[in-house]
Amino acid sequence: MQTETGVSLKPYNSFGLPAVAETLVRIRSDADVRRVVDDPALGRAPKFILGGGSNIILTRDMPQTVLKVEVPGRRLVEERDDAWIVEAGAGESWHDFVMWTLEQGFPGLENLALIPGTVGASPVQNIGAYGLELRERFESLDGVDLRTGLGVTIGPEMCAFGYRDSVFKHSLAGRVVITRVRFRLPKPWRPVLGYLELERKVAETGVDEPGAQQIADWVIAIRRHKLPDPQQLGNAGSFFKNPLVSPEQCRDIIGRDPEIVHYPLPDGQVKLAAGWMIDACGWKGKSVGGAAVYDKQALVLVNRGGAIGSEVMTLARAIQESVYGRFGIRLEPEPVVL
Ligand code: EPU
């Protein structure tokens with residue numbers, strides 16, 4: 001366990017927002033978490049669990065003790081007749097882990113290539129992209145309870161996964177430090193190609209039976225084309241969730257805006273493309289201070305340089321108001337605002 005004080009969090013959040021952590025503890029193992037719990041001062045202090053910092057908006061300095069999860073490791077746990085079970089330490093980079101699984105010949109995570117952040121954060125918001133969500137590949141995870149210091153293993157039911165949501169954003173928020181995550185990659189492997197942009201790649205290239213690496217390469221190309229690289233332009237991915245509405249509400253909006261991009265879901269609800277709505281309100285390229293709406297994808301806010309958290313939130317609120325004014329829909333931020 002390594003404890004530091006007065007640590008700048010700017011390098012540790014992908015939006016590149018300035019904030020200082022009074023105390024930061026690097027967590028490299030379950031034992032490190034237990035040491036925090038057993039420490040007289042740290043044990044009682046309020047805590048914030050930080051992964052890759054790719055899904056947070058820092059609006060102020062952090063008086064909480066920041067636990068920066070850096071648990072390493074990746075391995076094949078077990079090969080079954082119907083699946084490979086693979087595991088990674090919570091501190092591993094998500095994308096590097098996906099690439100490793102493909103190199104090792106364990107396909108199944110390719111649609112989730114290039115998502116920023118760490119393995120430990122991936123179940124918290126049930127990451128998803130290009131027709132696949134983490135919950136479809138999740139096996140179980142290990143963590144340590146911050147109140148008791150006891151190790152826990154949590155399966156899919158208890159995770160209560162939803163769209164960009166899980167129990168770790170609710171009753172277990174700030175309570176369990178996730179240290180390892182296991183994934184179930186089904187055999188035989190089958191490609192997931194239902195997403196429009198992947199179907200387009202199949203049509204363009206004529207490759208109608210792509211392998212997992214080919215799909216990863218397409219996903220990487222699509223993401224690079226549409227989404228800003230946080231190394232070059234600070235951002236936290238999609239800034240708002242795609243709102244869910246009833247079919248009646250959707251019909252009402254279509255009546256006024258026939259072009260609106262929407263996806264009927266199996267449960268009867270309809271998902272609306274927030275990026276389309278923000279774009280339709282004319283927000284692409286608009287800015288408040290250093291915070292701006294990305295010009296190729298209106299759902300992504302970026303740091304053009306020197307942005308501070310309050311500018312990001314002023315811009316976000318103005319977008320929410322204009323979308324509400326035109327569509328009667330309240331957009332909900334996707335990253336955690338601190
Ligand atoms: N659109 C516009 N203008 C825009 C942005 C989007 O018209 O400025 C339209 C697009 O043309 C498309 C539709 O809106 O018809 C949806 O856009 P896109 O396919 O880019 O996906 P999204 O719904 O905006 C979601 C996820 C992304 C994920 C992509 C691909 C959420 C909040 N976002 O974005 O996830 O990569 O689908 O699966 O669900 C993230 O969560 O951080 C993230 C990047």
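1. Domain bounds, as used in this note, come from an automatic or database domain assignment. On that basis, domain 2 (74-186) and domain 3 (234-337) both give residues to the shell around the ligand, so the ligand lies between these two domains. The model under discussion is predicted.

2. The shell around the ligand comprises 23 residues. The closest of them are Y130, Y163, Y195, K226 and D279. Sorted by class, the shell holds eleven nonpolar residues, five polar ones and seven charged ones.

3. Several elements of secondary structure contribute to this shell. At least two residues each are supplied by helix α6 (212-226), strand β13 (234-238) and helix α8 (274-280). The greatest contribution is that of α8, which gives three residues.

4. For Y195, an N or O atom of the side chain is 2.6 Å from an oxygen atom of the ligand. For N242, the distance between a polar side-chain atom and an oxygen atom of the ligand is 2.8 Å. For R223, the corresponding distance is 3.4 Å.

5. Is T101 buried or exposed? Its relative accessible area is 0%, and a residue counts as buried under 20%, so T101 is buried. When residues up to four places away in sequence are not counted, T101 touches V86, F106 and L109.

6. A separation in sequence and in space can be given for T101 as well. T101 and Q320 stand 219 residues apart in sequence. In space, the C-alpha to C-alpha distance between T101 and Q320 is 39 Å.

7. The second residue is D257, found in the loop between α7 (247-256) and β15 (262-264). Its relative accessibility is 12%; because the limit for a buried residue is under 20%, D257 counts as buried. Which residues are in contact with D257, leaving aside its neighbours within four places in sequence? They are W276, R326 and F327.

Methods: Residues are numbered from 1 along each chain as its sequence is written. This is a predicted model: local features need pLDDT of at least 70, side-chain atom pairs count only at pLDDT 80 or more; totals for chains, interfaces and linings use all residues. Side-chain values use heavy atoms; hydrogens and water are left out. A residue is near a molecule or strand if one of its heavy atoms lies within 4 Å of it. A polar contact is a pair of N or O atoms within 3.5 Å; within protein, one must be able to donate a hydrogen and the other to accept it, and residues adjacent in sequence count only if both atoms are side-chain atoms. Helices (H or I, at least four residues) and strands (E, at least two) are DSSP runs, numbered from the N terminus. Ala, Val, Leu, Ile, Met, Phe, Trp, Tyr, Cys and Pro count as nonpolar, Asp, Glu, Lys and Arg as charged, and the others, Gly among them, as polar. Buried means under 20% relative accessible area, exposed over 50%, partly exposed in between (1.4 Å probe, protein chains only). Contact means heavy atoms within 4.5 Å.
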